[in-house]
Amino acid sequence: MTLTKADLVQKVYQTHNLTKAQAAETVEAFLRVTKGCLAGGEDLLISGFGKFNVKEKNSRRGRNPQTGKELILEARRVVTFKPSGILRDRINSQN
Amino acid sequence: MNKSELIEAVAHEMNMTPREASDVVSTILDSMSETLVEGDTIEIRGFGSFVIKKYDSYLGRNPKTGEKIKVPPKRLPFFKVGKELRERVNAKSN
């Protein structure tokens with residue numbers, strides 16, 4: 001089973017004293033804030049869950065694996081995620 | 001940004017008390033954690049997806065002593081950034 005935004009909205013709606021619209025809006029606000037933080041180049045540390053890092057990648061020579069042609073991959077920023085120790089342990093205790 | 005700053009920002013956007021915002025943010029994060037603990041996938045359009053990767057046990061080495069050790073099988077969550085977020089994060093650098 002895959003968790004989607006709709007599932008999060010449903011969960012918030014069921015758990016809190018909010019209308020469906022308010023629940024949806026709060027989930028959107030949560031995503032807007034987290035995305036805004038990362039888009040601004042700032043790391044996001046959520047204790048107990050994990051840390052989202054914005055990493056700078058230098059430009060480098062790459063190759064198109066299909067044609068074998070060399071090309072320059074431009075400098076870019078990527079988002080990485082490191083799960084917290086708590087989450088990692090919980091995920092592994094399940095086996 | 002840390003969790004309390006995230007909660008503050010959500011409270012501000014939603015005109016909620018920090019307490020209310022904290023409760024809702026906890027519900028969201030708990031629900032995400034629970035999904036991963038169950039080994040299931042999270043898919044949030046525009047943000048990204050989380051998938052659990054399973055690793056078999058393998059023979060590793062202690063890099064300090066060179067001693068061989070058996071690494072037990074493990075599961076780790078992987079995050080793949082969504083299209084919208086990837087583009088927005090990148091747009092700032094150019």
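## A strand pairing between the chains

Strand β1 of chain A and strand β1 of chain B (residues 41-44) run parallel and are joined by two bridges, where strands are DSSP runs of E with at least two residues, helices are DSSP runs of H or I with at least four residues, and both are numbered from the N terminus. Two strands are taken to pair if DSSP finds at least two bridges between them. Within this pairing, Leu3(A) stands opposite Ile42(B), a residue of β1(B).

## Basis of the description

This is a predicted model, in which local features need pLDDT of at least 70 and side-chain atom pairs count only at pLDDT 80 or more, while totals for chains, interfaces and linings use all residues. Residues are numbered from 1 along each chain as its sequence is written, chains are lettered from A and ligands numbered from 1 in the order in which they are written, and side-chain values use heavy atoms, with hydrogens and water left out.

## The interface of chains A and B

Contact, meaning heavy atoms within 4.5 Å, involves 48 residues of chain A and 46 residues of chain B. The area buried between the two chains is about 4,500 Å², and carbon and sulfur atoms give 69% of this area; buried area is the accessible area (1.4 Å probe) that two parts lose on being put together, summed over both. In chain A, the residues that lose the most area to chain B are Leu3(A), Phe30(A) and Lys35(A), which together make up 15% of what that side buries.

Between chain A and chain B there are 14 residue pairs in polar contact, with both residues at pLDDT 80 or more. A polar contact is a pair of N or O atoms within 3.5 Å; within protein, one must be able to donate a hydrogen and the other to accept it, and residues adjacent in sequence count only if both atoms are side-chain atoms. The elements that give two or more residues to the side of chain A that touches chain B include β1 (2-3), α1 (5-15) and α2 (20-39) of chain A, and the largest share, 15 residues, comes from α2(A).

## Salt bridges

Inside chain A, Lys5(A) forms a salt bridge with Glu28(A), with the closest N and O atoms 2.9 Å apart. Lys5(A) lies in helix α1 and Glu28(A) in helix α2 of chain A, so this pair ties together parts that are 23 residues apart in sequence.

The count between chain A and chain B is three salt bridges. Glu34(B) forms a salt bridge with Arg90(A), and the closest N and O atoms of that pair are 2.9 Å apart.

## Sheets within each chain

In chain A, an open sheet of three strands has the order β2-β3-β6, with antiparallel pairing. Strands β2 and β6 of chain A stand at the edges with a single partner strand each, so one side of each is left without a neighbour in the sheet. Eight bridges join β3(A) to β6(A), and Val54(A) stands opposite Val79(A) in β6(A).

In chain B, β1(B) pairs with strand β2 (residues 48-55) in the antiparallel sense over three bridges. These strands form a hairpin with three residues between them, and Gly46(B) in the turn has a positive phi of about 90 degrees. Eight bridges join β2(B) to strand β5 (residues 74-81) of chain B, and these two run antiparallel; Lys54(B) stands opposite Arg75(B) in β5(B).

Technical notes:
Salt bridge = Lys/Arg side-chain N within 4 Å of Asp/Glu carboxyl O.
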